[in-house]
Amino acid sequence: YDNQTGNWTNKTIWNPWVDIGECVISLKIGDFDPRHSGNELLCALYGGMVREFYKASNGTWVQEVIDDSHAGTGTYECDIGNFDPRFDGNECAVFTEQNITMYAWNGTGWYNETIDVYTSTGGSAVESGVVGEIIPGNDVSEIVCGRCQTKVVFVWWNGSGYEVNYIWLS
């Protein structure tokens with residue numbers, strides 16, 4: 001929105017189809033990178049790649065590769081939340097055909113951890129938030145994922161690692 005003119009404007013900050021032949025599957029806005037003030041854009045591409053976009057102090061948009069190691073696996077959804085107490089602030093969760101992967105900036109690079117590995121394909125959603133107090137005093141969010149026609153996965157930090165529970169199996 002342009003405050004001076006009172007009009008909405010748009011600007012293409014990246015065209016993945018032209019640049020790398022991929023399409024954006026999921027895009028979230030949130031503060032997950034402590035190196036930048038304010039919110040960033042988390043972008044999950046169909047081919048399994050994960051990118052971050054942020055606006056630099058000079059007003060230009062900067063793109064950073066978070067992970068290209070899942071290239072070719074198929075990404076369905078991403079989310080931002082505070083679900084890992086080992087890291088300050090928010091982390092990212094990416095839901096692919098094959099797994100849930102958590103990403104967090106660890107001070108020197110993007111740390112990633114596979115939380116759960118699937119034996120079936122097809123997925124539809126991931127969301128993080130405080131669902132219920134699984135462990136008394138645990139104030140971090142949980143991750144809930146929906147698998148198309150197979151299962152709903154509930155993931156939480158149990159104090160020493162991620163715990164996975166399948167709420168519903170087809």
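E64 and R35 form a salt bridge, with their closest N and O atoms 2.9 Å apart; the term denotes a side-chain nitrogen of Lys or Arg within 4 Å of a carboxyl oxygen of Asp or Glu. The pair links distant parts of the chain, 29 residues apart, with E64 in strand β4 (residues 61-67) and R35 in the loop between β1 and β2. Strands (E, at least two residues) and helices (H or I, at least four) are DSSP runs numbered from the N terminus. The structure is a predicted model, in which local features need pLDDT of at least 70 and side-chain atom pairs count only at pLDDT 80 or more, while totals for chains, interfaces and linings use all residues. Residues are numbered from 1 along each chain as its sequence is written, and side-chain values use heavy atoms, leaving out hydrogens and water.

R35 also meets E52 in a salt bridge, at 3.7 Å from N to O. Because E52 lies in strand β3 (residues 50-55) and R35 in the loop between β1 (24-30) and β2 (40-45), this contact ties together parts that are 17 residues apart in sequence. E52 counts as buried at 0% relative accessibility, as does E64 at 17%, whereas R35 counts as partly exposed at 37%. Here buried means under 20% relative accessible area, exposed over 50% and partly exposed in between, for a 1.4 Å probe and protein chains only.

Another salt bridge joins E113 to R86, whose closest N and O atoms are 2.6 Å apart. E113 belongs to strand β8 (residues 110-117) and R86 to the loop between β5 (75-81) and β6 (91-96), so that distant parts of the chain, 27 residues apart, are linked. R86 is partly exposed, with a relative accessible area of 40%. Salt bridges that share partners join D33, R35, E52 and E64 into one network. The count of salt bridges comes to 7.

A search of the whole structure finds 4 aromatic pairs; rings of Phe, Tyr and Trp (its six-membered ring) pair if their centres lie within 6.5 Å, with planes under 30 degrees apart counted as stacked, over 60 as edge-to-face and the rest as tilted. W14 and F53 form a tilted pair, 5.4 Å centre to centre with 40 degrees between the planes. This pair links distant parts of the chain, W14 in the segment before α1 (16-20) and F53 in strand β3, 39 residues apart. W14 counts as buried at 15% relative accessibility, and F53 counts as buried at 4%. F87 and Y111 form a tilted pair at 5.3 Å and 40 degrees. Since F87 lies in the loop between β5 and β6 and Y111 in strand β8, the contact ties together parts that are 24 residues apart in sequence. F87 is buried at 15%, while Y111 is partly exposed at 26%. Ring pairs also link F32, W105 and W110 into a cluster.

W105 is one of the residues on a covered face of β7. In this strand (residues 99-105), 7 of 7 residues are buried. N99, T101, Y103 and W105 lie on one side, and I100, M102 and A104 on the other. β6 and β7 run antiparallel and are joined by 4 bridges; strands pair if DSSP finds at least two bridges between them. Y103 is the bridge partner of C92, and a hairpin joins β6 to β7 through 2 residues.
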